[in-house]
Amino acid sequence: MLPSHLNGHSPLARRRPQLPAASPPAATGDPPTAGDAALEAHDRVYFQSYSHIGIHESMIKDRVRTDAYREAIMHHQKFIEGKVVMDVGCGTGILSVFCARAGAKRVYAVDASEIATQASEIVKANNLADKIVVIHGRVEDVDIEEKVDVIISEWMGYMLLYESMLPSVLFARDKWLKPGGLILPSHATLFMAPITNSDRYEGSVDFWCDVYGINMSALVPLAKKFASEEPSIEIVGGENVISWPFVVKHIDCYTSTVEEFKSITTAYKVSSMMLAPIHGFGLWFEVEFNGPAESCSNLSSDSSPLDIVQKKRRRASDSTVVLSTAPEDEPTHWHQTILYFPDPIGVTQDQIIEGSVTITPSEENPRCLNIHLECSTGGQNLVQDFAMR
């Protein structure tokens, strides 16, 4: 993957290739438009990127991710054993194999990239060709003759929604899932909070003030510009988060619709827990693997810090399987997504930080995101736009 402006991790080509259902091809008989051609070009690059083994290696070696899926499959084995499963964006087929070993009668493993060829070989090598059917194609285009009892997919991108396959999962749900069927994961929540990160800021911006004894401060404005134009994918710790997080978006995969994700706007108001400079905002997510009859603690943008704490305590006492990418939890290959300010804003303990964030898919490529951030605190105001390409 290409290096990002602040670190060695670029958002490009992280997620598995599935064209969002919200952007279907032109109807039969309609001439292709320039927009259709552009989307096809983006898709070709995207599909090709997922033929590279390195991306799959990174995901599978993420034990937090892979173990959570395996644990969820075994936790819900009663819904899987003897049932029909669809794996949307199967990649190497590892989740399909987990489901087959959990007793699934049949698994349809669907993927649009060339890695489907190797997935078929993996299925044969593990003597599961009688249970797993690998289908090379977009889930929106494939033809399956039966309804399914379970849909499983690892659809989450950076900050949950980047290059997200969720529209494809919802398409599969509406077309193939039986009433009362199981979706794994079932719920997802995107969180956001102000962060402080002096080491990163000093290493990327203040660094230019003295380089081997040479004054290169003329580059500082350029460093600030690049630091604050594109989100940075990196790991921060719980000590970097200076307020309780707020909820940007809560997703129920059993009921959510594609229209919900055309534009997401959330207002926030949090209180600083310390005296520190705010260098930007961090975003992370968690997903839950609940059964069709199980409820999820329904967090919304109005959820208070107490709601979030109580939810974590309830989870610790029950058997819900959760995959978290929070700064205080074990790191994953998703890391956290950081929106850096051009200049830090100082805050004191208990100072109010408020504003709004809007996330929309890019018009040029719906896999990419545009983020509009507004922040006001202590008489200082910031309005910043970020392009996540």
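In which loop is proline 185 found? I located proline 185 in the loop between β5 (177–184) and β6 (187–195). I took helices (H or I, at least four residues) and strands (E, at least two) as DSSP runs, numbered from the N terminus. A cis peptide bond joins leucine 184 and proline 185, and I noted an omega of about -5 degrees.

Basis of the entries. I am working on a predicted model, where local features need pLDDT of at least 70 and side-chain atom pairs count only at pLDDT 80 or more, while totals for chains, interfaces and linings use all residues. Residues are numbered from 1 along each chain as its sequence is written, and side-chain values use heavy atoms, with hydrogens and water left out.

Positive phi. I looked up two residues in the loop between β4 (148–152) and α7 (166–176), starting with methionine 159. Methionine 159 is not a glycine, yet its phi is positive, at about 40 degrees. I list methionine 159 as buried because its relative accessibility is 2%; buried means under 20% relative accessible area, exposed over 50%, and partly exposed in between (1.4 Å probe, protein chains only). Leucine 160 lies in the loop between β4 and α7 as well. Leucine 160, also not a glycine, has a positive phi of about 75 degrees. Its relative accessibility is 0%, so leucine 160 counts as buried.

Sheet. I traced an open sheet of four strands in the order β9-β13-β14-β15, with antiparallel pairing. Two strands pair if DSSP finds at least two bridges between them. β9 (264–271) and β15 (380–388) are the edge strands; each has a single partner strand, so one side of each has no neighbour in the sheet. From one strand to the next the twist averages 15 degrees, with axes being lines fitted to C-alpha atoms (for helices over the stretch in contact) and angles running from 0 to 180 degrees between N-to-C directions. I found eight bridges for the antiparallel pair of β9 and β13 (residues 352–361). Alanine 267 has serine 356 in β13 as its bridge partner.

Cores. I recorded 88 residues in the largest nonpolar core, where Met86 and Trp155 have the most contacts inside it. A second, separate core has 10 residues, among them Ile195, Val236, Ala326 and Ile338. Such a core is a set of buried Ala, Val, Leu, Ile, Met, Phe, Trp, Tyr and Cys residues joined through side-chain atoms within 4.5 Å.

Rings. Rings of Phe, Tyr and Trp (its six-membered ring) pair if their centres lie within 6.5 Å; planes under 30 degrees apart count as stacked, over 60 as edge-to-face and the rest as tilted. I count eight aromatic pairs by this rule. Phenylalanine 246 and tyrosine 268 form a stacked pair, because their ring centres are 4.7 Å apart and their planes are at 10 degrees. This pair links distant parts of the chain, 22 residues apart: phenylalanine 246 is in strand β8 (residues 246–252) and tyrosine 268 in strand β9. Both phenylalanine 246 and tyrosine 268 are buried. Phenylalanine 281 is in strand β10 (residues 276–288) and phenylalanine 341 in strand β12 (residues 336–347), 60 residues apart. Phenylalanine 281 is buried at 0% relative accessibility, and phenylalanine 341 is buried at 1%. Ring pairs link Phe246, Tyr268, Phe281 and Phe341 into a cluster.
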